[in-house]
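Hi,

Here's the structure I promised to pass along. Have a look at it first, and then read my notes below.

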Amino acid sequence: MDIEIKLSVTTLDVQHCIDWVMSPECGGIDVFIGTVRNATKGKAVLRLAFEAYEKMAIKELEKIAQQALDKWPVQKILIHHRTGVLQVGEIPVIIAVATAHRDAAFDACRYIIDTLKQTVPIWKKEIFEDGEVWVAAHP
Amino acid sequence: MKVNILAFGITKDIFGGPALSVDLNNDATVSNLKYLLEGQYPQLKKLSTYMVAINNEYALDGDTVHERDEIAIIPPVSGG
């Protein structure tokens, strides 16, 4: 199998992700690691809470991975995403892509994270000192 | 017919829970469902946008809703 997709309630393992996509035909691995930032628009964020519509999220992630395989000469794609509460500095998402040559790895990795943010039914809530907000819910 | 609706993210707050049940005509479309929900929960109209998913796929306004479908309201996503 050339695609590994997982939603996880526990800490994501960066080394596992790299090891999983590593393959002898590949000359490069591109890894995107999303991390929880301590502020949004100048306001301190204490933590994030992620929620997923799991069945549909997996299905949409599979579609994105398949599209990347169709668009670029990619050997292996891994997408892991967290759910639950994450503290500043923790990792909500890891995308790893292995290809023979680097251009495809950069392009595919960027396509996957950009599309994930647009279509995959996962939501994050920013929790502040004085309240909380579902990101992007309102104009 | 009675259909069950799953809610996530902010729509869970709007509906006051992770699921609700609504009464629709047998030949109802996604558009009919949205109209009904927006009547009962006007806060839906304040969202940037929202989609309806039927059986884990994004649905169009003209798609028909069936009694046993898994229906979900998908507010603006914000993963990653």
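Predicted model: local features only at pLDDT ≥ 70, side-chain atom pairs only at ≥ 80, totals over all residues.

Let's start with the cysteines: A:Cys17 is buried, with a relative accessible area of 0% (buried means under 20% relative accessible area, exposed over 50%, partly exposed in between, with a 1.4 Å probe and protein chains only). A:Cys26 is in no disulfide, and the nearest cysteine sulfur, in A:Cys109, sits 13 Å away; a disulfide here is a pair of cysteine sulfur atoms within 2.5 Å. A:Cys26 counts as buried too, at 17% relative accessibility.

Side-chain values use heavy atoms, leaving out hydrogens and water; residues are numbered from 1 along each chain as its sequence is written, and chains are lettered from A and ligands numbered from 1 in the order written.

Now chain B. It has an open, mixed sheet of five strands in the order E2-E1-E5-E3-E4. Helices (H or I, at least four residues) and strands (E, at least two) are DSSP runs, numbered from the N terminus, and two strands pair if DSSP finds at least two bridges between them. The edge strands of chain B are E2 (19-23) and E4 (57-58), each pairing on one side only. E3(B) (residues 51-54) pairs with E4(B) in the antiparallel sense over two bridges, and B:Ile54 stands opposite B:Glu57 in E4(B).

Cheers
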